[in-house]
Amino acid sequence: SADGGRNLSLDSIPMGLPMSDPAAWTTAMNNLGMAPMGMTGQPLLPDFDPALGMMTGIPPINPMMPGLGIVPPPIPPDMPAVKEIIHCKSCTLFPPNPHLPPPATRERPPGCKTVFVGGLPENGTEQIIMEVFEQCGEVIAIRKSKKNFCHIRFAEEFMVDKALYLSGYRIRLGSSTDKKDTGRLHVDFAQARDDLYEWECKQRMLAREERHRRRLEEERFRPPSPPPVVHYSDHECSVVAEKLKDDTKFLEAIQTLLTWIERGEVNRRTANNFYSMIQSANSHIRRLVNEKAAHEKEMEEAKEKFKLALSGILVQFEQIVAVYHSASKQKAWDHFTKAQRKNISVWCKQAEEIRNIHNDELMGIRREEEMEMSDEEIEDPSEMKETEESALVSQVEALKEENDSLRWQLDAYRNEVELLKQEQGKASRDEDTTKEQQMKLLQQALQGMQKHLLKVQDEYKKREAELEKVREDKLKIETLLENLKEQESSTPRVCACSQEKESPVEKTLSNSPVKSEREVLLVGIISTFLHVHPFGASIEYICSYLQRLDSKICTAEVEVLMTRLQNTFRQELSGVGASLEKRWKFCGFDGLKMT
């Protein structure tokens, strides 16, 4: 606008505002998270903090962002957005009802920079549209229709989000109330070919950059290519000929020679040079044959060492297995524990398996040697056929057949010996397993007997302790009775009337189930304990509580006392099956009513 006094962004985009209502303008800018500016460019609120905006969900202004820098994130549906009245130079924008649902929008096209604006006033001009929407960012083009809608294209994509913020606002031109001067704005995404073309160009550029980056990565990790072979010349030919004579550089030189021959460098002029190089290459055959023979000799020596080491290992394995077998005999086997016997049997099986594997390997090596020997023997008569007479040849063949038959017999004997060893090992294993099973059964029976004996001993000790306690209680009761009798005999009888009065009391005392002061105390403590436990308690639980007070109290004494007082204590069975349990309950209040 012309006056350019107020703006909505940090990019100083002008928009006119009358200063008659600065509070509304300040509230609107505060909702957008921006510092409101006055006519002179000074902030209306000097202590304004963008992070304290009234509108929740909108981040504060970032000065590094282009345009307004206030692209609001999507507001949650349960959080109402507070929108205020916005005053422009030629029109006024009234916010929609905050309780209404947000206006619907179509799916955002890729690279969208164009918006559709509907609901414009009939008298709305392109200048008024520019005045309203230039606060959202730089407007490139406005295509207005005669049917109260238009399309606005912005310079950047983020400006479209700011324009969508104005969707739902009611617009009024000036102070007129005519229908032609009012309308309800509807802002939505628009699909434009220019936007799609620019977006596709941008995507192609990003794809090219990605391909270039991948190519650089592949070239960085690609192994280096072999050096190129030099072209043939007289100088290079002399160099290669010298390299062919050197054992260390022979491989490189022979590859160069092969490449030259395949390229067709051989002609009449260079034939002699190539022949001399081929002759130099041929001279290396004897060296390679000698190297092969040396390697074969080393391999034979290594085989001999391996065979000797393997035989020594087999001897040690045989000794270890013999130790296991001797330990498995009854003389030593009875002294080991169950876990030790199990470990010894497992170790024995593992050692036998490894020994058999190494034995087969050694037998295979020996068979290979015998086959090589037989091949040499087969070759020797063929040479003798050419030099000796036919009679000697027939004798040699006969000897060879005898040798083969003897060797086969020897193999058969070896196989029989191995089979016998395996059968003996299986038989000994079966005997050992049967013995182990018997021993396990006996051990289990002994363990069961021992457990039973321990249980019987524990029960016997418990019964003895209970008997001792009963005897002690009996002695105490007898002493108490004697004391009472002495007191009765010593006290003089005062009068007959008193005797008549006291006689029913004594009768009640003699007939009462509680016989001593100690039992009265026990009854009181047990009643208090069971009153706290309305669902009852077992006799063991009650005695454990009483034994904290007096360690001499026994279970039998308490149970006899409680059975005597049937109107005070009642025994009930609770639980089902294996969980069946006897519980004592306090019934003194019911017993008081009954008595």
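**Strand pairing, aromatic pairs and cysteines in a predicted model**

The protein has 16 helices and twelve strands, as described here from a predicted model. Of the 595 residues in the protein, 26% are buried. When contacts between residues at least 6 apart in sequence are considered, 61% of them join residues at least 24 apart.

Strand 5, which spans residues 114-118, is mostly covered, with four of its five residues buried. Strand 5 is joined to strand 7 (residues 149-154) by five bridges, and the two strands run antiparallel. Within this pairing, Thr 114 stands opposite Arg 153 of strand 7, while Phe 116 has His 151 as its bridge partner.

Strand 7 is in turn joined to strand 6 (residues 139-144), through five bridges between strands that run antiparallel. Ile 142 has Ile 152 in strand 7 as its bridge partner. Strands 6 and 7 form a hairpin in which four residues lie between the two strands, and Asn 148, located in the turn, has a positive phi of about 65 degrees. Strand 7 also contributes to the pairing with strand 5 described above, and Cys 150 is buried, at 0% relative accessibility.

The cysteines were then examined for covalent pairing. A disulfide is a covalent bond between the sulfur atoms of two cysteines. The structure holds zero disulfides. For Cys 91, the closest cysteine sulfur is that of Cys 88, at 4.3 Å, which is too far for a bond, given that the sulfur atoms of a disulfide must lie within 2.5 Å. Cys 91 is itself buried, with a relative accessibility of 1%.

A search of the whole structure for aromatic pairs finds seven. In one of these, the ring centres of Phe 529 and Tyr 545 are 4.7 Å apart and the ring planes lie at 25 degrees, so the pair is stacked, the limit for a stacked pair being planes under 30 degrees apart.

Phe 586 counts as partly exposed at 24% relative accessibility, while Phe 589 is exposed, with a relative accessible area of 54%. Elsewhere, Tyr 232, Trp 260 and Phe 274 form one aromatic cluster.

Phe 250 takes part in two further arrangements. Arg 287 lies over the face of Phe 250, at 5.9 Å from the ring centre, and Phe 250 is also among the residues touched by His 284. His 284 is found in helix 8, which covers residues 284-327, and is buried, with a relative accessible area of 4%. Leaving aside residues up to four places away in sequence, the contacts of His 284 are with Leu 244, Lys 245, Asp 246, Asp 247 and Phe 250.

According to the unreviewed UniProt entry, the feature "coiled-coil region" is placed at residues 278-305 and 396-490. In the predicted model, the chain over residues 278-305 is 96% helix and 0% strand, and the C-alpha atoms at the ends of this stretch are 41 Å apart.

Methods
Residues numbered from 1 in each chain as written. Predicted model: local features only at pLDDT ≥ 70, side-chain atom pairs only at ≥ 80, totals over all residues. Heavy atoms only, no water. Phe/Tyr/Trp six-rings, centres within 6.5 Å; stacked < 30°, edge-to-face > 60°. Buried < 20%, exposed > 50% of the residue type's maximum accessible area, 1.4 Å probe, protein only. Lys NZ or Arg CZ within 6 Å of the ring centre and 35° of its normal. UniProt positions renumbered as here; feature names shortened; annotations may be inferred. Pairing = 2+ DSSP bridges. Contact = heavy atoms within 4.5 Å.
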